[in-house]
Amino acid sequence: MPNQCGVVNCRGNYNKENRPRVFCLPKEQPERQKWLDVLPPRENFVVNPDKFFICEIHWGADPPLIKLRGGSLPPGIPPSIFNVPASCLPSPKLTPRPAKVEDQQLRYFLQKDKITSFDAFKSERILQKQYKNLIISRSKERLVCFFMIDNFNECRLFVIVENKPTLCSPLTLSAFKNGISVPLFKTLHPNNGLRSFTQFDETVRLAMNYDIPFDKTIQNVVTLQAHTSACVDTEKEKKFVFLTSQLELLSQKQFSMNDYCLLFKYFVENGHN
């Protein structure tokens, strides 16, 4: 098989009608490198210098020749004529965009905002500085935050952060308002996973503004107060729910947990009349 030209987009010496002379690369390393440097690049192609040939089409008319041992007369200068369309050349590599100041600041914030372990969670001092009327209870595996009203007579929300890793989060978080669990799927990862301080702040804000369904509140009041009163059957519970809902409509305000408890106590003491 005749030696064929290895330059991209050249068919020199590939068939009988096209039989130009072909030359191998120079043996001397400095001169060989000069030839390799001028060759058009080929994508996913590695030149084997000992088996790579270039046809005479890539030199101009009458190039200077050098006589080698054996009588061969290869060109004495590197090839310079290449007919290579842009579509045959590899795509230029894009220069990576330098990082902007905003990107660096965002990367720094995300790094500082990430929660890596339970021990790295916010300290009591930082939490009490950030939130008013806050009572904190901390153990080795659990942190409980009680968000109290201004006179500390009532807890409007308590949040539990536990050292229970999930598939994608190092901690878990639960929130309870008036003893009722607050759904947190909008701000937390699956299984109430917590992995950033921003998530914690957003979850507290969401839980604070959560409106507890009326039926859950009534059921919770009945459950909490049943042990201090006579047995409450289904009919009495339905009557209490009806009367309380009517009172809310007449007063045009939503009762608090304490209001429900007082109403329930009055309801029981007065014989459910």
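1. Pro 190 and its contacts. In this predicted model, Pro 190 touches Thr 166 and Cys 168, once neighbours within four places in sequence are set aside. Pro 190 sits in the loop between strand E7 (180-181) and strand E8 (193-194). Along the chain, Pro 190 and Thr 166 are 24 residues apart. Their C-alpha atoms are separated by 8.1 Å.

2. Exposure of Pro 190. Is Pro 190 buried or exposed? Its relative accessibility is 57%. The cut-off for exposed is over 50%, so Pro 190 counts as exposed.

3. Gln 199, placement and burial. Gln 199 belongs to helix H4, which covers residues 197-208. Its relative accessibility is 9%. Buried means under 20%, so Gln 199 falls in that class.

4. Gln 199, contacts. Which residues does Gln 199 contact, leaving aside neighbours within four places in sequence? They are Thr 187, Leu 188, His 189, Gly 193 and Leu 194. For Thr 187, the C-alpha to C-alpha distance to Gln 199 is 6.3 Å. The two residues are 12 apart in sequence. Two of the contacts, Gly 193 and Leu 194, are the residues of strand E8 (193-194).

5. The E3/E4 hairpin. Strand E3 takes in residues 134-138, and strand E4 takes in residues 142-148. The two run antiparallel and are joined by 5 bridges. They form a hairpin, with 3 residues between the strands. Within this pairing, Ile 135 stands opposite Phe 146 of E4. On side-chain direction, a general point applies: in a regular strand, side chains alternate between the two faces of the sheet.

6. The largest pocket, volume and lining. How much space lies in the largest pocket? The value is about 280 Å³. The lining has 16 residues. Nearest the centre of the pocket are Pro 26, Lys 27, Ile 66, Leu 68 and Pro 74. Strand E1 (22-24) supplies at least two lining residues, and so does helix H1 (29-38).

7. The largest pocket, composition. By class, the lining holds 10 nonpolar residues, 4 charged and 2 polar. Lys 27, one of the residues nearest the centre, is in the charged class.

8. Confidence. The mean pLDDT of the protein is 78. A score of at least 70 is reached by 74% of the residues. Over residues 226-231, the pLDDT is below 50. That stretch has 4 contacts in the model beyond near neighbours in sequence.

Terms used
Residues numbered from 1 in each chain as written. Predicted model: local features only at pLDDT ≥ 70, side-chain atom pairs only at ≥ 80, totals over all residues. Heavy atoms only, no water. Helix = DSSP H or I, 4+ residues; strand = E, 2+ residues; numbered from the N terminus. Buried < 20%, exposed > 50% of the residue type's maximum accessible area, 1.4 Å probe, protein only. Contact = heavy atoms within 4.5 Å. 1 Å grid on protein atoms, 1.4 Å probe; cavity = no way out; pocket = protein on both sides within 12 Å on 5 of 7 lines; lining within 4 Å. Points joined across faces, edges and corners; volume = space filled by probe spheres on them. pLDDT = per-residue confidence, 0-100. Pairing = 2+ DSSP bridges.
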